[in-house]
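Thanks for coming, everyone. I'll go from the whole chain down to single residues.

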Amino acid sequence: MPHPECWSLADGTPLTLRALRPSDADALGRLIDELPTPDRRRRFHGAVNGVSTAWLSRLSSVDPAREIALVVTARRRGEELLVADARCAVDMTGQDAEFALMVAGGWRRRGIGQRALLGLADAAAERGLHWLYGSVLADNLPMLGLVRRCGFLGTPHRSDRRLIVVERRLQAAVTAAAA
């Protein structure tokens, strides 16, 4: 993502979608820590009780050759709050990437997750990737609805019925294939 994307919510709150920076580590830690336990389980597919400094350092220092990480920030009373994290990691094929998304509890159902996920898809397409995919817990109905609205198709996981595999062909790959 070359330039940050700015917009405002209906209530006037200014938001920015931008690349994650290493200096975002503490804010990213707060975002994870403040997620309710069921939401942390859904995001990480298991229990996460606290975030170590080493893990936060790894999450906030992405390898640009293998990862894309975007955040959505909000300005409230002069303070920048990190309210969403969307990221993907290029898989072994070098052509596709697995994504993950989290949005702070009080910021959901306002279009932030959709904007972050579509921004991530655009950044992945610009990078020349062909597919964006992920595994969503079958009971995570809000996330399944979001990915559907973002153009992902879902199918049950072959060996784990607790998971739905979601995937979306990226626009640059579609355009290249048509040419």
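**A walk through the chain**

Of the 179 residues in this chain, 45% count as buried. Keep in mind that this is a predicted model.

Start with the parts. The chain has six helices and eight strands. Follow the sequence and you read β-β-α-α-α-β-β-β-α-β-α-β-β-α. Now the contacts. Take those with a separation of 6 or more: 62% of them join residues 24 or more positions apart.

Next, the sheet. In what order do the eight strands line up? The order is S1-S2-S3-S4-S5-S6-S8-S7. The sheet is open, and its pairing is mixed. Which strands stand at the edges? They are S1, residues 5-8, and S7, residues 153-156. Each has a single partner strand, so one side of each is left without a neighbour in the sheet. On average, neighbouring strands here are turned by 25 degrees against each other, ignoring direction.

Zoom in on one pair. S2 and S3 run antiparallel, and five bridges join them.

What does the side chain of Arg18 make a polar contact with? The partner is the side chain of Asp24, at 2.9 Å.

Now a helix against the sheet. H1, residues 25-34, lies across S4 and S5. H1 runs at about 85 degrees to S4.

On to the core. The largest nonpolar core has 52 residues. Val72, Phe99, Trp107, Ile112, Leu120 and Leu132 have the most contacts inside it. Which helix gives the most to this core? H4 does, with eight residues.

Take Val72 from that list. Leave aside its neighbours within four places in sequence. Val72 is then in contact with Trp7, Leu15, Thr16, Leu17, Leu81, Leu82, Val83, Ala84, Ile112 and Ala116.

Two of those contacts, Ile112 and Ala116, are also among the buried residues of H4. Others buried in H4 include Leu117, Leu120 and Ala124. How far apart are the end C-alpha atoms of H4? They are 21 Å apart. H4 has 15 residues, which at 1.5 Å a residue should span 21 Å, so the two values agree. Just after H4 comes Gly128, with a positive phi of about 90 degrees.

That brings us to backbone angles. Most residues other than glycine have a negative phi. Two arginines here take a positive one.

The first stop is Arg77. Phi of Arg77 is near 50 degrees. You will find Arg77 in the loop between S3, residues 67-76, and S4, residues 79-90. Is Arg77 buried or exposed? Arg77 counts as exposed because its relative accessibility is 80%, over the 50% cut-off.

The next stop is Arg109. Its phi is near 60 degrees, again a positive value. Arg109 lies in the loop between S5, residues 96-103, and H4, residues 112-126. At 75% relative accessibility, Arg109 counts as exposed.

Technical notes
Residues are numbered from 1 along each chain as its sequence is written. This is a predicted model: local features need pLDDT of at least 70, side-chain atom pairs count only at pLDDT 80 or more; totals for chains, interfaces and linings use all residues. Side-chain values use heavy atoms; hydrogens and water are left out. A polar contact is a pair of N or O atoms within 3.5 Å; within protein, one must be able to donate a hydrogen and the other to accept it, and residues adjacent in sequence count only if both atoms are side-chain atoms. Helices (H or I, at least four residues) and strands (E, at least two) are DSSP runs, numbered from the N terminus. Buried means under 20% relative accessible area, exposed over 50%, partly exposed in between (1.4 Å probe, protein chains only). The expected span of a helix is 1.5 Å times one less than its number of residues. A nonpolar core is a set of buried Ala, Val, Leu, Ile, Met, Phe, Trp, Tyr and Cys residues joined through side-chain atoms within 4.5 Å. Contact means heavy atoms within 4.5 Å. Two strands pair if DSSP finds at least two bridges between them. Axes are lines fitted to C-alpha atoms, for helices over the stretch in contact, and angles run from 0 to 180 degrees between N-to-C directions.
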